[in-house]
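Trainee: I'm new to this one, could you walk me through it?
Mentor: Gladly, let's look at it together.

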Amino acid sequence: MGSDFPDQAQIVIIGGGVVGCSVAYHLAELGVSDVVLLERKSLTSGTTWHAAGLVGQLRATQNLTRLAQYTTNLYADLEKLTGQATGFRQNGSLSLATDEERFEELKRGASMASCFGLEVEVVSPKEALELYPIMSTKDLVGAVFLPRDGQTNPTDTTQALARGARDKGVRILEGVSVESFEKQGGRINSVMTSRGPIACETVVNCAGMWGRSLGLKAGVSVPLHAAEHFYVVTEPIPDLQKDLPVVREPSACNYYKEDAGKMMVGMFEPVAKPWGMDGIPEDFEFGTLPEDLEHIEEQLNSAIQRIPVLGETGIKIFFNGPESFTPDNRYWLGPSIEVPNFFLAAGFNSIGIQSAGGAGKVLAEWIVNGDPPMDLWDVDARRMMPFQVNREYLHDRTVEALGLLYAMHWPFRQPESARGVRTSVLHQRLTDLGACFGETAGWERANWFAPKGVEPVYEYSYGRQNWFDHSAREHHSVRENVGVFDMSSFGKYLVQGRDACHLLERVSANRMDVDPGRVIYTQWLNDDGGIEADLTVTRLSHEEYLVVTAAASQTRDLHWLKSSIRPGEHVFATDVTGAYSVLSVMGPRSREMLQTLTPAQLSSETFPFGTSQEIEMGYALVRATRISYVGELGWEIYVPSEFTLGVFDRLAEAGEEFQLQPAGLHALNSLRIEKAYRHWGHDIGPDDNPFHAGLGFAVDLDKPGGFRGRDALLRAVETPLRRRLVQFLLQDPTFMLYHEEPIWRDGVRIGRTTSGMYGHTLGGCVGLGYVECDEVIDRAFISEGNWEIEIAGERVSATASLSPMYDPRSERIKT
């Protein structure tokens with residue numbers, strides 16, 4: 001080992017692409033210079049060097065857009081900050097629509113962009129031609145122009161980040177591979193490299209398409225897989241404008257970029273070619289893959305039709321290089337689930353250049369401060385499920401994943417690949433009843449039920465989709481009669497031990513020291529009072545609780561809970577998700593029907609709302625919990641998995657007399673939003689406190705011992721509310737709400753929606769959204785305003801309310 005090779009560092013970053021160098025740069029900006037970055041070959045030699053260098057700002061959500069905006073601003077100043085040229089220029093970007101539905105998608109995106117402060121213009125084909133004179137406008141319906149989008153040289157930008165990091169003391173070592181890790185007490189304490197060990201406190205996996213294999217060396221799951229990515233570069237084109245915007249034509253799966261007097265045409269074809277199934281060759285450096293003109297022939301022909309000069313110009317480079325993709329097309333960021341000091345920044349799905357600045361900044365702050373600086377659930381590594389590291393699953397999902405970047409982002413769109421991973425015990429029963437399944441966290445869940453003679457298949461659109469009337473039937477059955485939902489995908493944990501109550505009291509905003517049999521709705525908060533989890537807790541006995549959360553939060557919430565256990569505490573949190581099925585029986589006749597199946601008395605006197613009992617049902621003992629997420633009388637029935645089919649069959653048999661309706665998750669969503677029930681990850685999250693969200697009723701500020709986040713809430717409760725979650729009902733029932741639509745009051749944009757769904761009882765689309773202003777937001781502020789919600793550039797009148805528009809006093813659930 002050479003004398004210049006370090007034997008220790010506070011932080012070791014593995015991977016010298018644009019992301020790894022960004023993390024190093026931002027750690028140095030925070031004053032952390034005891035950092036070593038290790039690159040197995042040369043900086044940028046994996047994927048970064050052949051990236052297209054597109055720097056777009058508009059992403060699918062507000063927080064991802066904020067990260068992309070930061071990246072753009074950073075790159076604009078990076079040359080000045082480091083002295084290293086980057087090639088960054090802001091020529092804008094132009095997205096083309098060749099049909100009305102794609103144009104609606106673009107216009108909805110433009111409305112969303114305005115919420116985030118992005119400059120955006122919806123333009124006609126004629127205006128698009130003025131911006132991009134070399135294209136044909138044949139079949140063009142319209143376009144959207146973002147003037148501050150840009151492009152950069154990926155290699156030079158990475159070198160600028162590396163120089164900035166080095167200038168502040170970061171050591172960057174090339175030609176050093178990582179062979180293994182040593183651990184002590186479940187944490188990594190040493191990185192074993194080809195040149196010797198480096199003792200460390202924190203490791204950051206920025207290894208790109210090597211991220212999965214590197215993670216496995218540390219005992220950490222990093223679900224990603226490489227795919228072949230194609231582009232071509234033409235011969236020089238005489239008199240080609242240097243300031244042309246980047247053009248994206250998603251319906252053709254293409255992007256077009258002027259590149260030093262030549263044209264680059266890149267493809268995101270719908271059926272991709274996974275690569276590296278047997279591992280990536282050890283000597284892979286600045287590597288390319290074999291050409292496959294046949295694979296991209298359709299996209300190349302479309303490019304020639306759009307830009308005729310391409311048909312008159314020779315192609316200099318047919319490029320094929322690997323990039324890594326994740327199962328849900330969002331990258332992994334933050335601490336790993338398995339090893340607390342092993343952080344991830346990998347799997348960037350072809351948007352690494354435009355994401356690197358923001359991702360590097362927030363990850364550096366997360367490492368240094370111990371908590372993320374903003375809501376990062378969209379990319380939080382704790383959203384992954386353990387099975388997702390499976391190689392066959394990743395291979396099959398990657399076939400679809402690459403093309404999703406330019407596919408239509410339909411509302412309710414479901415993945416088509418790698419399906420059937422997790423199924424409830426009732427899957428075949430629901431299939432026989434006509435279920436159309438969606439996928440969440442690998443679970444196959446019934447989203448809607450097709451009547452006999454109708455195929456249970458989605459037909460997507462931005463308007464009322466083909467399942468609208470079928471889901472309406474399910475909705476009305478629950479409102480007026482009785483329905484049953486399979487909610488087996490709920491995340492479920494048993495919390496046991498003599499300190500179980502102490503743990504849950506400390507992490508929960510509501511009181512947990514209640515009598516056995518009580519069900520408590522609560523939030524788990526961070527130190528700033530933001531909502532980290534939204535769930536129910538049932539006390540089973542003096543030393544045992546059942547925690548129930550959403551399927552998508554299963555891994556994250558258990559990690560939060562386990563991370564909150566203090567040394568020496570006698571408490572155990574066990575995931576029992578698969579051990580119990582859940583039948584949610586809801587509706588005004590639910591009591592009457594369930595009473596025929598059990599000797600237990602289900603009256604409000606003997607079984608009040610917010611309680612849970614073990615009862616007999618069929619031949620089984622089940623746990624019946626009286627609670628509701630639909631705003632009606634009902635029970636959640638927790639059935640041991642091996643008894644589920646028997647209980648369901650008895651339920652179905654009894655249900656014949658009551659016209660019991662199987663109901664799906666779309667109906668659940670329409671029911672809950674009419675009642676203004678919040679959805680974590682959409683309506684509430686780490687940046688929202690319970691008072692903003694209208695959940696103050698679930699907070700007990702006076703409970704003995706306090707709870708995490710209490711101090712922040714004590715400060716917040718003294719502050720007038722100038723940001724609040726409000727319910728809206730569109731006055732025109734033909735418009736559809738989804739999320740991120742601008743909210744207007746008296747002609748001033750004042751907020752954005754967080755979720756939306758058609759309310760079949762209220763007779764129009766219902767949305768939840770935050771409004772924020774300098775005035776105190778009270779009932780008078782709401783009632784005196786003229787409210788509108790902007791949908792694809794058109795403002796639609798809406799009614800606003802702080803109270804639920806359906807059953808505001810919650811009388812129906814407590815009947």
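Mentor: Glu-119 sits in the loop between helix 3 (100–115) and strand 5 (121–123), where helices (H or I, at least four residues) and strands (E, at least two) are DSSP runs numbered from the N terminus. This is a predicted model, in which local features need pLDDT of at least 70, side-chain atom pairs count only at pLDDT 80 or more, and totals for chains, interfaces and linings use all residues. Residues are numbered from 1 along each chain as its sequence is written, and side-chain values use heavy atoms, with hydrogens and water left out.

Trainee: Is Glu-119 buried, exposed or partly exposed?
Mentor: Glu-119 is partly exposed, with a relative accessible area of 46%; buried means under 20%, exposed over 50%, and partly exposed in between (1.4 Å probe, protein chains only).

Trainee: New topic, how many aromatic pairs does the structure hold?
Mentor: The structure holds 23 aromatic pairs, meaning rings of Phe, Tyr and Trp (its six-membered ring) with centres within 6.5 Å, where planes under 30 degrees apart count as stacked, over 60 as edge-to-face and the rest as tilted. One of them joins Phe-387 and Tyr-393 edge-to-face, at 5.1 Å centre to centre and 75 degrees between the planes.

Trainee: And which of those is buried?
Mentor: Tyr-393 is buried, at 6% relative accessible area, whereas Phe-387 is partly exposed at 21%.

Trainee: What about Phe-412 and Trp-467?
Mentor: Phe-412 and Trp-467 also form an edge-to-face pair, with 5.1 Å centre to centre and 85 degrees between the planes. This pair ties together parts that are 55 residues apart in sequence.
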